[in-house]
Amino acid sequence: MKINRKIIEIDEELCDGCGQCVPSCAEGALQIIDGKAKLVAEVYCDGLGACLGDCPTGALKIVEREAEDFDEKAVEERLETLEKETLEELKTQCPSSVSQSFSPGISCKKANEPTDQKSSSSTLSHWPVQIRLIPPDAPFLKGADILVAADCTAIAYANLHQDYIAGKVVMMGCPKFDNAEAYVEKFADIFKKADIKSITALVMEVPCCQGMPVIIEKAMEKAGKSIPLNKVVISRTGEVIQQ
């Protein structure tokens, strides 16, 4: 039933698709579709505007208009669906997603090179590394310092292993193209179970990457945890521009 009430409105001209608003909506009403934030359905939006403060371009505002009434039951069903979709996605992953821990080693190419070429050494100590694939109860997460790295940082920053991965559990993903709400749930579960010591969020300077620290903060809030968080920003040319 349609009533006159407050509801979110999105200015697509201002929206750059960064995705920071998505994890801010506890009802799962927002989603990035074709590079823009969209209201999935009017019944999912409670009109309180919790997402407004996380939009860097001012594309979101609360308006009063005729809209479908907010439906708490529909929201519960949507959140359950999102969780099931994430679980189903994990079930279809290849066998290499099985959790493994190992000692950081040296690549095959390294065997024929001088031992002082430090930059070619891998410091990775576990598998998998994708956020969606890492189970919250993975042994390597216990008491770990974690590095949450946006996918593009691995290409942009040349010395990623020695400067950031060494001594940390790395978790990689894309805050723009992956499910931000599923990320919040995953991190919250990890924070509840793993006693994480510290978090480094490694992101690119582009707007869409800025959603990753927001996701982590939302997850800490959901888990009732306060964990030291260090945000590191990498430029398109591979330089650290904020730390």
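**Exercise 1.** What is the mean pLDDT of the protein, and what percentage of its residues reach 70 or more?

*Solution.* Start with the ground rules. This is a predicted model, where local features need pLDDT of at least 70 and side-chain atom pairs count only at pLDDT 80 or more, while totals for chains, interfaces and linings use all residues. Residues are numbered from 1 along each chain as its sequence is written, and side-chain values use heavy atoms, with hydrogens and water left out.

Now the score: pLDDT is the predictor's confidence in each residue, from 0 to 100. Its mean here is 87, and 87% of the residues reach 70 or more.

Next, look at residues 106-119: pLDDT stays under 50 there. For that stretch the model has twelve contacts (heavy atoms within 4.5 Å) beyond four places in sequence.

**Exercise 2.** Work out whether Ala74 is buried or exposed, and find its contacts.

Second, check the cut-offs: buried means under 20% relative accessible area, exposed over 50%, and partly exposed in between, using a 1.4 Å probe and protein chains only. Ala74 has 14% relative accessibility, so it counts as buried.

Third, skip the neighbours within four places in sequence: Ala74 is in contact with Val43 and Tyr44.

Finally, take the pair Ala74 and Val43. They sit 31 residues apart in sequence, yet C-alpha to C-alpha they are 7.2 Å apart in space.
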